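My entries follow the display.

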Amino acid sequence: MVRTGKTARAKALRALAWTMGVACVAIGFEHLLAGALAFPGIADPGPTVDSFGRFMGAVFAGYGAAWIWAVRQTPVPGWAVRWLAGVMLLGGLGRVLGLAVDGRPHWFQLVLMGIELGLPPVYFWLADADADAVAGLDAGVGGRAARG
């Protein structure tokens with residue numbers, strides 16, 4: 001079988017990873033530069049929350065840079081996709097914990113929680129798609145194809 005290009009799964013992985021990386025870098029710099037003003041629903045954050053928000057903005061920009069690093073590799077390393085998706089899932093679970101402990105946050109935080117809980121399974125499913133495409137495997141809907 002002659003392969004003429006990347007599979008749809010590999011293309012989806014690359015598109016989602018690039019989007020995630022660029023979005024996280026942009027959001028991270030927004031938080032780094034705007035501080036607590038970047039947080040919706042906080043009326044009077046004070047210097048401690050502002051400092052924390054700026055610090056976490058830098059961390060989030062670094063998280064986005066890690067996605068960009070991963071997607072620039074050939075093939076995209078599945079282990080990196082799984083780790084980065086796991087970090088996102090952990091963040092979403094942290095929001096669930098916050099919801100259980102402190103109650104309902106600003107509506108936008110609930111949207112983010114949905115993304116953080118919903119996208120990681122997609123990334124886990126796509127993690128090896130680029131490696132499979134480079135190796136000439138047709139992973140199809142069921143996952144990695146058997147080598148043989």
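**Notebook: patch and salt bridges**

I began with M56, which is partly exposed because its relative accessible area is 33% (buried means under 20%, exposed over 50%, partly exposed in between, with a 1.4 Å probe and protein chains only). M56 sits in helix α2 (helices are DSSP runs of H or I, at least four residues, numbered from the N terminus). Together F52, F55, M56 and V59 make a nonpolar surface patch of about 390 Å² (patch residues have over 30% relative accessible area and no salt bridge, with nonpolar side chains joined within 5 Å).

I noted that this is a predicted model, where local features need pLDDT of at least 70 and side-chain atom pairs pLDDT 80 or more, while totals for chains, interfaces and linings use all residues. Residues are numbered from 1 along each chain as its sequence is written, and side-chain values use heavy atoms, without hydrogens and water.

I then searched the whole structure and found four salt bridges (a side-chain nitrogen of Lys or Arg within 4 Å of a carboxyl oxygen of Asp or Glu). For D130 and R14, the closest N and O atoms are 3.0 Å apart; this pair links distant parts of the chain, helix α5 (residues 129-135) and helix α1 (residues 8-34), 116 residues apart. D130 counts as buried at 0% relative accessibility, and R14 is buried at 18%.

I also looked up D50 and R54, whose closest N and O atoms are 2.7 Å apart; they are separated by about one helical turn because they lie four residues apart in helix α2.

Technical notes. Patches are made of residues with over 30% relative accessible area and no salt bridge: like charges are joined within 9 Å, nonpolar side chains (Val, Leu, Ile, Met, Phe, Trp, Tyr) within 5 Å. Accessible areas come from the Shrake-Rupley method with a 1.4 Å probe; for residues, only the protein chains shown count as cover. Helices (H or I, at least four residues) and strands (E, at least two) are DSSP runs, numbered from the N terminus.
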